[in-house]
Amino acid sequence: MNAGPTTAATDFPATASRRRILARTRLDFWLDALLLVAYTLAYSLGFTGIATHEWLGIGLGALLLVHLTLHWDWVIRTTRKLLRRGGRDRFVWLVNLLLLLSMTLCIASGILISEVALPELGITLRASSFWRQMHGTTATLTLILVPIHAALDWRWIVGVARRFAAWRPGRSR
Ligand code: HEM
């Protein structure tokens, strides 16, 4: 955006911060979309085969860490607010916490029963039926929680997707 000579001095910081917010919204949106695609593929073991499944699952763990880091301020803010408020915020917080726990357990138990990725790295563990069962259970629990998690943020997803659909190169929105 060009700042002409008549532009007020305060316009530049406002535009810069708007751009920063926009760039951040884009990053959040595409990272969330990537997480959803990676998760759907990870769940489709019969389609990907075991080797892709395992490496994809490990990659998903790394993406999950980035996602959590980007939304850490939300975690802190909402946890603080919960002490004072209830209702929807409390429900969203609970769903997110459950999802985080089940996905972390799913990835951790997957690593503990790994048949390809860990042996390729020279690590062999004795697979126990406990972790195998934990992997199946947490994968199912995650499958239930992911759509609820997305549905709770549905307005944000549709709003951002609409703005992207209407976006033209060279025009800032
Ligand atoms: C969020 C990520 C993941 C999801 C959603 C997921 C999902 C699944 C599902 C649905 C199954 C079939 C369970 C059953 O038949 O009872 C499975 C099996 C399995 N997963 Fe994962 N998984 C994930 C991550 C991982 C990771 C990171 C690893 C290892 C590095 C892994 C290794 C395995 C293995 C070894 C099996 C057993 C395959 C077999 O029964 O032959 N998974 N996973």
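User: Which residues lie nearest the centre of the largest pocket, and how many residues line this pocket?

Analyst: Asp 32, His 67, His 71, His 149 and Asp 153 lie nearest its centre. The largest pocket is lined by 36 residues. This is a predicted model: local features need pLDDT of at least 70, side-chain atom pairs count only at pLDDT 80 or more, and totals for chains, interfaces and linings use all residues. Residues are numbered from 1 along each chain as its sequence is written, and side-chain values use heavy atoms, leaving out hydrogens and water.

User: What makes a space a pocket, and what makes it a cavity?

Analyst: A pocket is an open set of points with protein on both sides within 12 Å along at least five of seven lines; a cavity is a set where a 1.4 Å probe fits but cannot get out. Lining residues have an atom within 4 Å of a point. The largest pocket holds about 1200 Å³ of space, and the second largest pocket about 480 Å³.

User: Which elements give two or more residues to the lining of the largest pocket?

Analyst: Helix 1 (11–43), helix 3, helix 4 (72–82), helix 5, helix 7 and helix 8 (154–165) do. By class, this lining has 22 nonpolar, six polar and eight charged residues. Asp, Glu, Lys and Arg count as charged; Ala, Val, Leu, Ile, Met, Phe, Trp, Tyr, Cys and Pro as nonpolar; the others, Gly among them, as polar.

User: What lines the second largest pocket?

Analyst: Its lining has 25 residues, and Ala 42, His 53, Cys 106, Gly 110 and His 135 lie nearest its centre. Helix 3 gives the most, with six residues. The lining splits into 15 nonpolar, seven polar and three charged residues.

User: How do you know that His 53 and His 135 coordinate the iron atom of the ligand?

Analyst: The NE2 atoms of His 53 and His 135 coordinate the iron at 2.0 Å. Donors are N, O and S atoms within 2.8 Å of the metal (3.2 Å for Na, K and Ca), so NE2 of each histidine qualifies.

User: Why is the arrangement around the iron atom called octahedral?

Analyst: There are six donor atoms, and the angles they subtend run from 87 to 179°. Six donors count as octahedral if opposite donors are over 155 degrees apart and all others between 65 and 115. The iron site is therefore octahedral.

User: What does the histidine pair tie together?

Analyst: His 53 lies in helix 3 (residues 50–70) and His 135 in helix 7 (residues 129–152), so the pair ties together parts 82 residues apart in sequence. Both histidines are buried, a term for under 20% relative accessible area (1.4 Å probe, protein chains only). Of the chain's 173 residues, 26% are buried.

User: How many helices and strands are there in the chain?

Analyst: Eight helices and zero strands. Helices are DSSP runs (H or I) of at least four residues, strands (E) of at least two, numbered from the N terminus.

User: How do you know that helix 5 is close to its expected reach?

Analyst: Helix 5 (residues 87–112) has 26 residues and reaches 38 Å from its first C-alpha to its last. The expected span is 1.5 Å times one less than the number of residues. That gives the expected 38 Å for helix 5, and its reach is close to this value. Its buried residues include Val 92, Val 95, Asn 96 and Leu 99.

User: Which residues line the largest cavity?

Analyst: Leu 22, Thr 25, Val 160, Arg 163 and Phe 164. Helix 8 supplies the largest share, three residues. The cavity holds about 40 Å³ of space, and the count comes to one cavity of 30 Å³ or more. A volume here is the space filled by probe spheres set on grid points, which are joined across faces, edges and corners.

Technical notes
Tetrahedral: all angles 85-135°; square planar, octahedral: opposite > 155°, others 65-115°. Buried < 20%, exposed > 50% of the residue type's maximum accessible area, 1.4 Å probe, protein only.
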